[in-house]
Amino acid sequence: AVVSTQSTGTLFHVKDGEFRVYSGPRSIDVWKRFLAEKEWEKLETYSWYRKPGSIPMRIFGLLISFAMKVNDVHDYLTKEANVPPFVSVIGLIAIPLFVSLLIFLACISTAHTLWGKPKAPHTI
């Protein structure tokens with residue numbers, strides 16, 4: 001078996017909550033020099049919203065995780081349950097839309113119950 005590596009993972013330098021991307025050679029000696037000579041101080045830090053622990057990145061991670069689960073459901077439906085792919089795709093689009101519509105209508109109904117229906121504007 002032949003294994004081909006197209007790229008290596010991103011290396012981050014993190015100090016005092018500041019993230020910097022290391023893009024130099026992947027060698028222990030070069031990395032040690034990078035740290036010892038504080039070459040990391042020359043690198044630009046990540047913006048707050050691009051840091052791995054930030055709220056936007058957590059939301060993005062949840063979206064990616066959700067997309068992977070939807071893909072797993074699609075794979076199950078098409079490979080295990082022998083559902084035609086177009087039926088699976090339509091179902092995976094229609095069902096969330098229908099559920100969203102039901103949630104929206106429930107919210108509107110609850111708001112009308114709690115605060116009453118909106119009154120019509122007065123005309124002169």
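Visitor: What radius of gyration does the protein chain have, and what would a compact globule of 124 residues have?

Guide: The protein chain has 26 Å, while a compact globule of 124 residues would come out near 14 Å. The radius is taken over C-alpha atoms, and the globule rule is 2.2 Å times the number of residues to the power 0.38. Bear in mind that this is a predicted model: local features need pLDDT of at least 70, side-chain atom pairs count only at pLDDT 80 or more, and totals for chains, interfaces and linings use all residues. Residues are numbered from 1 along each chain as its sequence is written, and side-chain values use heavy atoms, with hydrogens and water left out.

Visitor: And what does the C-alpha trace span along its principal axes?

Guide: About 75 × 55 × 25 Å.

Visitor: How much of the chain is buried?

Guide: Buried residues are 10% of the 124. Here buried means under 20% relative accessible area, exposed over 50%, and partly exposed in between (1.4 Å probe, protein chains only).

Visitor: Okay, switching to the fold. Which elements are there, and in what order?

Guide: There are 3 helices and 2 strands, running β-β-α-α-α from the N terminus. These are DSSP runs numbered from the N terminus: helices are H or I with at least four residues, strands E with at least two.

Visitor: What about helix 2?

Guide: Its 26 residues, 55–80, should span 38 Å, and the end C-alpha atoms are 37 Å apart, which agrees. Leucine 63 sits in helix 2 and is exposed, at 52% relative accessible area. From leucine 63 to threonine 113, 50 residues along the chain, the C-alpha separation is 33 Å.

Visitor: Which residue just after helix 2 has a positive phi?

Guide: Asparagine 82, at about 55°. Asparagine 82 lies in the loop between helix 2 and helix 3 and is exposed, with 62% relative accessible area.

Visitor: Where is lysine 38, then?

Guide: Lysine 38 is in the loop between helix 1 (28–36) and helix 2. Its phi is also positive, near 50°, and at 45% relative accessibility lysine 38 is partly exposed. Most residues other than glycine have a negative phi.

Notes: The expected span of a helix is 1.5 Å times one less than its number of residues.
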